[in-house]
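This briefing collects computed features of one protein model, grouped by topic. The sequence and the structure come before the points.

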Amino acid sequence: MQQVLKAFVLGGATIAAAKYISQFLSPAFAPLIAGMPTGILTSFFLGSDKARREYYSGYVISISILAAIVLFCHLMATYMPNVPIDLVSFIAIPMWGAISYFAINKFAAHKKK
C-alpha cells in the first residue's frame, strides 16, 4: 500500500507542478513537467524484472499511440480553431485509452495462466 501512495503522490505532484509552471512561464513549458517520463519512474515501483519488461512492452505501444493522439489534438487546434480544444481533449483521452487497451492486449500483454 505504501508503494501505491508514493506513486499517487508523485503523479499528483507532477500535474500540480505543470499547472504551477504554466502560471509563471508560457504554457508551452508545462509539458517539460507534465511530460516528465513518469512512465519510466513507474517501472521502479513494479515487483520484478519480468514485470518491468512486460510493462515496457505495453508502455512503448501506449506512448506511441499517445504521440499520435497529441499530434491529432495539435492539428485540430491549429487547422480547425473553431472547434473547442477542450472538446478535442475530452474526446482524445478515451480514444487514447481504448486504442491503447486493444493494441496492448493484441501485441504486448502476456496472458496469465
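Helices are DSSP runs of H or I with at least four residues, numbered from the N terminus. The model described here is predicted. In that numbering, Leu-10 lies in helix H1. The protein has 5 helices and 0 strands, and its elements follow the order α-α-α-α-α from the N terminus.

**Overall dimensions and surface**

- The C-alpha trace of the protein spans about 50 × 30 × 20 Å along its principal axes.
- Of the 113 residues in the protein, 15% are buried.
- Among contacts with a separation of 6 or more, 44% are between residues 24 or more positions apart.

- Helix H4 covers residues 49-79, which makes 31 residues.
- From the first C-alpha of H4 to the last, the distance is 44 Å, close to the 45 Å expected at 1.5 Å a residue.
- The buried residues in H4 are Gly-58, Ile-61, Ser-62, Ile-65, Ile-69, Cys-73 and Met-76.
- These buried residues of H4 pack against helix H5, which covers 85-107.
- An α-helix has 3.6 residues a turn, so residues three or four places apart point the same way.
- Ser-62 is found in helix H4 and has a relative accessibility of 13%, so Ser-62 counts as buried, the limit being under 20%.
- Apart from neighbours within four places in sequence, Ser-62 is in contact with Trp-96, Ser-100 and Ile-104.

**Salt bridge**

- The structure holds 1 salt bridge.
- It joins the side chains of Arg-52 and Asp-49, with an N to O distance of 3.1 Å.
- Arg-52 and Asp-49 are separated by about one helical turn because they are 3 residues apart in helix H4.
- Arg-52 is partly exposed, at a relative accessible area of 23%.
- Asp-49 is also partly exposed, at 47% relative accessibility.

**Aromatic pairs**

- A search of the whole structure gives 5 aromatic pairs.
- One of them is Tyr-20 with Phe-24: the ring centres are 4.8 Å apart and the planes are at 55 degrees, so this pair is tilted.
- Tyr-20 and Phe-24 are 4 residues apart in helix H1 (residues 2-24), which means a separation of about one helical turn.
- Both Tyr-20 and Phe-24 are exposed.
- The rings of Tyr-101 and Phe-102 have centres 5.4 Å apart and planes at 80 degrees, so this pair is edge-to-face.
- Tyr-101 is exposed, with a relative accessible area of 53%, and Phe-102 is exposed at 57% relative accessibility.
- Tyr-55, Tyr-56 and Tyr-59 are linked by ring pairs into a cluster.

**Nonpolar surface patch**

- A nonpolar patch on the surface is formed by Leu-10, Ile-40, Leu-41, Phe-44 and Tyr-56.
- Together these residues have about 440 Å² of accessible area.
- Leu-10 counts as partly exposed, with a relative accessibility of 31%.

How values were computed
Residues are numbered from 1 along each chain as its sequence is written. This is a predicted model: local features need pLDDT of at least 70, side-chain atom pairs count only at pLDDT 80 or more; totals for chains, interfaces and linings use all residues. Side-chain values use heavy atoms; hydrogens and water are left out. Helices (H or I, at least four residues) and strands (E, at least two) are DSSP runs, numbered from the N terminus. The expected span of a helix is 1.5 Å times one less than its number of residues. Buried means under 20% relative accessible area, exposed over 50%, partly exposed in between (1.4 Å probe, protein chains only). Contact means heavy atoms within 4.5 Å. Rings of Phe, Tyr and Trp (its six-membered ring) pair if their centres lie within 6.5 Å; planes under 30 degrees apart count as stacked, over 60 as edge-to-face and the rest as tilted. Patches are made of residues with over 30% relative accessible area and no salt bridge: like charges are joined within 9 Å, nonpolar side chains (Val, Leu, Ile, Met, Phe, Trp, Tyr) within 5 Å. Accessible areas come from the Shrake-Rupley method with a 1.4 Å probe; for residues, only the protein chains shown count as cover. A salt bridge is a side-chain nitrogen of Lys or Arg within 4 Å of a carboxyl oxygen of Asp or Glu.
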